[in-house]
Structures are given as C-alpha cells and as structure tokens.
Amino acid sequence: MSLRAAQSTREILKHLTSGPGASKLSPNVSKIALTFALKGKNESAGARHFLQENLPRIQYNNPNIEYEVTKVLDTSIKPTVAVHFGNIYFCIATRCVETNFLFSAS
C-alpha cells in the first residue's frame, strides 16, 4: 500500500516510520533539493515517485533539514536530487544525482 492510499492516522504513521527513506540522516546534511519538469516525458517519473513516496518519510524522520522542491515547465530540464552538506548558512559540499529514467523498485 502506498503512502497516498493510507486512510487512518495509524496507517500514515506506520508508512512514515518504515520503508525507504525512514531513517535519520547524518547531521552533516543541511538541505535536500529536488528539481524536475512538471510535465513531459517519463524522465521525471522517478523524481515524482521520490516526491510522493520517499520525501515525506525523509521529512518526518529529519525535521531539522531544509527541503526544496522545484517544479519547472521546461521539459528539457533533467531531474536531479541535490544533497547539501554543512550548515544552512555555509554549504561545505553538494552531491547532485541526475534521476532521469530512474525508476523505483517498489
């Protein structure tokens, strides 16, 4: 059952505390940024799935991290997930992963 199909508060909490993304991240992670095309080909399917299924779990289990979701109309944009390390005022490093044509195993 997906997170969107959960009906009761108990089911929602069960999904938020278990499954992919339901773990504490390193305290060095300061921000997670997701960028993808709002419409277009299936390139953004993995990013949309991440937004709907995994990001809520990450947010619930890591409330101190800043999250940024950018949906653009330009279909030539490649979907990416960027993880920023350091504090929110001074970013030490950024790891960016292109997610075009990636699909979930679930």
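Reader: Leaving aside neighbours within four places in sequence, which residues is Ile-32 in contact with?
Author: This is a predicted model. Neighbours within four places in sequence are set aside for Ile-32. The contacts of Ile-32 are then Leu-25, Ile-58, Ile-65, Glu-66, Tyr-67, Glu-68, Val-81 and Ala-82.

Reader: Which residues make up the largest nonpolar core?
Author: Nonpolar side chains tend to be buried together in soluble globular proteins. Here the largest nonpolar core has 11 residues in all. They are Val-29, Ile-32, Leu-34, Phe-36, Ala-47, Phe-50, Leu-55, Ile-58, Ile-65, Tyr-67 and Val-81.

Reader: Which elements give two or more residues to this core?
Author: The core includes Val-29 and Ile-32, as well as Ile-58. Strand 1 covers residues 29-37, and helix 2 covers 45-61. The elements that give two or more residues are strand 1 and helix 2.

Reader: In what order do the elements of the protein chain run from the N terminus on?
Author: The chain has two helices and four strands. Starting at the N terminus, their order is α-β-α-β-β-β.

Reader: How do helix 1 and helix 2 lie, roughly parallel or roughly perpendicular?
Author: Two packed helices are described by the angle and the distance between their axes. The axes of helix 1 (residues 9-17) and helix 2 come within 8 Å. They cross at roughly 85 degrees. Helix 1 and helix 2 are therefore roughly perpendicular.

Reader: How many nonpolar, polar and charged residues does the contact of helix 1 with helix 2 have?
Author: Helix 1 brings Leu-13, His-15, Leu-16 and Thr-17 to the contact. Helix 2 brings Pro-56, Arg-57, Tyr-60 and Asn-61. By class, that contact has four nonpolar, three polar and one charged residues.

Reader: Is Asn-62 buried or exposed?
Author: Asn-62 sits in the loop between helix 2 and strand 2 (66-72). Its relative accessible area is 4%. Buried means under 20%. So Asn-62 is buried.

Reader: Which backbone nitrogen does the side chain of Asn-62 reach?
Author: Not counting residues up to four places away in sequence, Asn-62 touches Ser-23, Lys-24, Leu-25 and Tyr-67. With one of these, the side chain of Asn-62 comes to 2.8 Å from a backbone nitrogen. That nitrogen belongs to Leu-25.

Reader: What separates the C-alpha atoms of Thr-35 and Thr-80?
Author: Thr-35 lies in strand 1. Beyond its neighbours within four places in sequence, Thr-35 is in contact with Thr-70, Ile-77, Lys-78, Pro-79 and Thr-80. Thr-35 and Thr-80 are 45 residues apart along the chain. Their C-alpha atoms are separated by 5.3 Å.

Reader: Is Val-72 buried or partly exposed?
Author: Val-72 is in strand 2. Its contacts, not counting residues up to four places away in sequence, are Phe-36, Ala-37, Leu-38 and Ile-77. From Val-72 to Leu-38, C-alpha to C-alpha, is 5.6 Å. With a relative accessible area of 21%, Val-72 is partly exposed.

Reader: And Gly-86, is it buried or exposed?
Author: Gly-86 belongs to strand 3 (residues 80-86). Its C-alpha is 8.6 Å from that of Pro-27, 59 residues apart in sequence. The relative accessibility of Gly-86 is 15%. Gly-86 therefore counts as buried.

Key
Residues numbered from 1 in each chain as written. Predicted model: local features only at pLDDT ≥ 70, side-chain atom pairs only at ≥ 80, totals over all residues. Heavy atoms only, no water. Buried < 20%, exposed > 50% of the residue type's maximum accessible area, 1.4 Å probe, protein only. Polar contact = N/O pair within 3.5 Å; in protein donor to acceptor, adjacent residues only side chain to side chain. Contact = heavy atoms within 4.5 Å. Axes fitted to C-alpha atoms, helices over the stretch in contact; angles between N-to-C directions. Parallel < 35°, antiparallel > 145°, perpendicular 65-115°, else oblique. Nonpolar A, V, L, I, M, F, W, Y, C, P; charged D, E, K, R; others polar. Core = buried A, V, L, I, M, F, W, Y, C linked by side-chain atoms within 4.5 Å.
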